[in-house]
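Please look over the structure below with these notes beside you. Each point takes one topic.

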Amino acid sequence: MNQKILKLENLLRFHTVFRQLHSLGQRRMLAQWNHVFSSAYPVWTAQLCIRPWQTDRLIGAALSQYRLLVTKKEERSQKSQLFSTKSKKEVEVWIGMTIEELARAMKKDVDHVYGALMNTAVDIDSLEAHSHLDEVWIKEVVKKAGMKLKWSKLKQDKVRENKDAVRRPQADPALLTPRFPVVTIMGHVDHGKTTLLDKLRKTQVAAMETGGITQHIGAFLVSLPSGEKITFLDTPGHAAFSAMRARGAQVTDIVVLVVAADDGVMKQTVESIQHAKDAQVPVVLAINKCDKAEADPEKVKKELLAYDVVCEDYGGDVQAVHISALTGDNLMALAEATIALAEMLELKADPTGPVEGTVIESFTDKGRGPVTTAIIQRGTLRKGSILVAGKSWAKVRLMFDENGKTIHEACPSMPVGIVGWRDLPSAGDEILEVESEPRARAVVDWRKYEREQEKNKEDLKIIEEKRKEHQEAHQKAREKYGNMHWKERSFLKYQEKKEQKHLKSKEKEEGDSHILPIIIKGDVDGSVEAIVNIMDTYDASHECKLELVHFGVGDVSENDVNLAETFCGVIYGFNVNAGNVIQKSAAKKGVKIKLHKIIYHLIEDLQEELSSRLPCTVQEYPIGEASILATFSVTEGKKKVPVAGCRVQKGQLEKQKKFKLIRNGDVIWKGSLTSLKHHKDDVSVIKTGMDCGLSLSEEKIEFKVGDEIVCYEEKEVPAKTSWDPGF
């Protein structure tokens, strides 16, 4: 602006100088003319004289006005430019951003985003601050805020470095050393698996199992008289523990399939065969209970042919050993068959380098904290090693064997208890050794981030489905109200909202009684996993909704009681305890704690609790039956009332009970009687073989000869859930 004014001033000065020179020239001419014409035209000559100071004043005023106009114009342009930049503020957005991220990008409150989404097809009630928004609604919010949209690829293209730990490449065969086999014992429940293992290790394992049913994976190192060592995994045979059996098959070298000679092939026997096939693990058949009179080993071998388990007697490659776990007969032959198969497999491992293994079981010990039972598969585990398993890591503080004895190192194929975990890993997680604690934290953080990304993708799919549903509903609503006047449309919407509000409150009242929130606590991770897997089979949500609020490992705590109180739920404990203080607190808060030692007792209790939440069913109990022999009508006042002449064929008719009219096998009326007469007398009961006349509470019903009248009473019967967990 200043440069423009300076140019103008210079131009005006030049113009002024030119005018002054011009006026001087005029003065000289006027002076000459004045000398000639002064006597004749005195006034005219005076007017012709020009005053230069007047011109300068005019130019100065014009210059100051111009300066003022230019300054104002420039201020206006700056203001308009500032306003336009404010109104066109760019917001950097990306696909799948959350409400919180959008609010932060717009430098607004979260409530501003919610406000912008009102009166749209989005269900605001279902949105949280971390909910992902669809592209359409991101545009809508930014547009309503008067801002400019800028799609950023930064969020999508920003790839986080993979910090995960992975297994090492296969070792050089020259470095491998022989190792003893890992053998998993599988079979149907109560076919003698634990008794067999008990005899092999000469300890009373079965006596410690509740009801004689194995409910955990037991990992044991057994030394045979020959000096050979075998690691045995005793998997549960109960139907509830399918996941444990599958996990046992994945870490094993040989499967010993135990089948009772008196019982034959059962459901879990077939499942165990399938697990062995899936893991591509060879099988040794142990036909147990051969000491019983009703034992039939040949029948077992024939039944197994249907499942591609062909014994050597039938030209196959599966060794079959007849044993009696109870008496100990032929157990050494089974051990020798297992060792022979292991020698054929030439089992070797690399005892050097970082440790690799698998979590067999995990639980929380009061004094030690999170503890895992693991099988080492590569390397040698020592105290102080840094391990990663799933989303947890550990610095090994203590190691112990199956007898609780402290050990200093664990080589491949050894079962070992590990203490020092920061969190409880899940059974089946892969154990990997890393070089340092920061590296372990980085691995765990990466795995958590990866899981979060997967969850975000799943959430986006759900959001997209919901968005389509809302759009369809919105489109239908627009078509419905499209041709209506706005007053009529507003009135209908008000009526619908009022009706929906009433229905929601009614559904809430009914729904509260038809929901069973539960909290599961177990002694080890595998037990909790088994119970949760059973919950997944629940298919009676139309009767009562089953909500798993929380599950975990360890005794029932005060937090569990508080959580159950909040959700009006029930706490189920499996092989855990609840102290006196906890039980008193639960009783005070009206929370049920149900503790069980056997898994199917827990499931039966859960079924009973579900059944108690269901409304009682009304059942009809017949009292008497009568057949209509004649029909006629009687006059009462000004109207005619139809009357049926009946004879009681069975039981008796009681006037105070309920009745139904049956014609050709179909019930055409249910209700009560207005009158029941024997001859001309009003009576309350008509017994078998007696005739009577009766009229119904509904006058429009017409009787026909041959119809049946049934007298019955209704009784409420407790309902039973239709859910069948399969055992």
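1. **Overall make-up.** The chain holds 19 helices and 31 strands. Helices (H or I, at least four residues) and strands (E, at least two) are DSSP runs, numbered from the N terminus. This is a predicted model, where local features need pLDDT of at least 70, side-chain atom pairs count only at pLDDT 80 or more, and totals for chains, interfaces and linings use all residues. Residues are numbered from 1 along each chain as its sequence is written, and side-chain values use heavy atoms, with hydrogens and water left out.

2. Of the 727 residues, 39% count as buried. Buried means under 20% relative accessible area, exposed over 50%, and partly exposed in between (1.4 Å probe, protein chains only). Among contacts with a separation of 6 or more, 71% join residues 24 or more positions apart. Contact means heavy atoms within 4.5 Å.

3. **The largest nonpolar core.** This core has 26 residues. A nonpolar core is a set of buried Ala, Val, Leu, Ile, Met, Phe, Trp, Tyr and Cys residues joined through side-chain atoms within 4.5 Å. Which members touch the most others? They are I185, L196, F232, V256, I323 and L334. Two or more residues each come from β4 (182–187), α8 (193–201), β5 (218–223), β6 (229–234), β7 (254–260), β8 (283–288) and α13. Helix α13 gives the most, with seven residues. In soluble globular proteins, nonpolar side chains tend to be buried together.

4. **Helix α13.** This helix covers residues 331–345, 15 residues in total. From first C-alpha to last, α13 reaches 21 Å, close to the 21 Å expected at 1.5 Å a residue. The expected span is 1.5 Å times one less than the number of residues. Its buried residues include L331, L334, A335 and A337. T338, I339, L341 and A342 are buried in α13 too. E346 follows α13, and its phi is positive, near 50 degrees.

5. **Q319.** Strand β9 (residues 319–322) contains Q319. Q319 and V309 are ten residues apart along the chain, with 10.0 Å between their C-alpha atoms. Outside four places in sequence, Q319 is in contact with V283, V284, L285, E312, A337 and L341.

6. UniProt, in an unreviewed entry, places a "coiled-coil region" at residues 449–480. UniProt positions are in the numbering used here, feature names are shortened, and annotations may be inferred rather than shown by experiment. In the model, residues 449–480 are 100% helix and 0% strand. The end C-alpha atoms of this stretch are 46 Å apart.

7. **Aromatic pairs.** How many aromatic pairs are there? The count comes to two. Rings of Phe, Tyr and Trp (its six-membered ring) pair if their centres lie within 6.5 Å; planes under 30 degrees apart count as stacked, over 60 as edge-to-face and the rest as tilted. W446 and Y449 form a tilted pair, 5.6 Å centre to centre, with 40 degrees between the planes. Both sit in helix α14 (residues 437–481), three residues apart, so about one helical turn separates W446 and Y449. W446 is buried, at 8% relative accessibility.

8. **The edge-to-face pair.** Y538 and W723 are 5.3 Å apart centre to centre, with 75 degrees between the planes. Y538 lies in the loop between α16 (525–536) and β20 (545–553), and W723 in the segment after β31 (708–717), so the pair ties together parts 185 residues apart in sequence. Y538 is buried at 10% relative accessible area, and W723 is buried at 2%.

9. **Charges over rings.** R422 lies over the face of W393, 4.2 Å from the ring centre. K660 lies over the face of Y712, at 5.3 Å. A charge sits over a ring if NZ of Lys or CZ of Arg is within 6 Å of the ring centre and within 35 degrees of the ring normal. R422 is in the loop between β17 (415–421) and β18 (430–434). R422 is partly exposed, at 42% relative accessibility.
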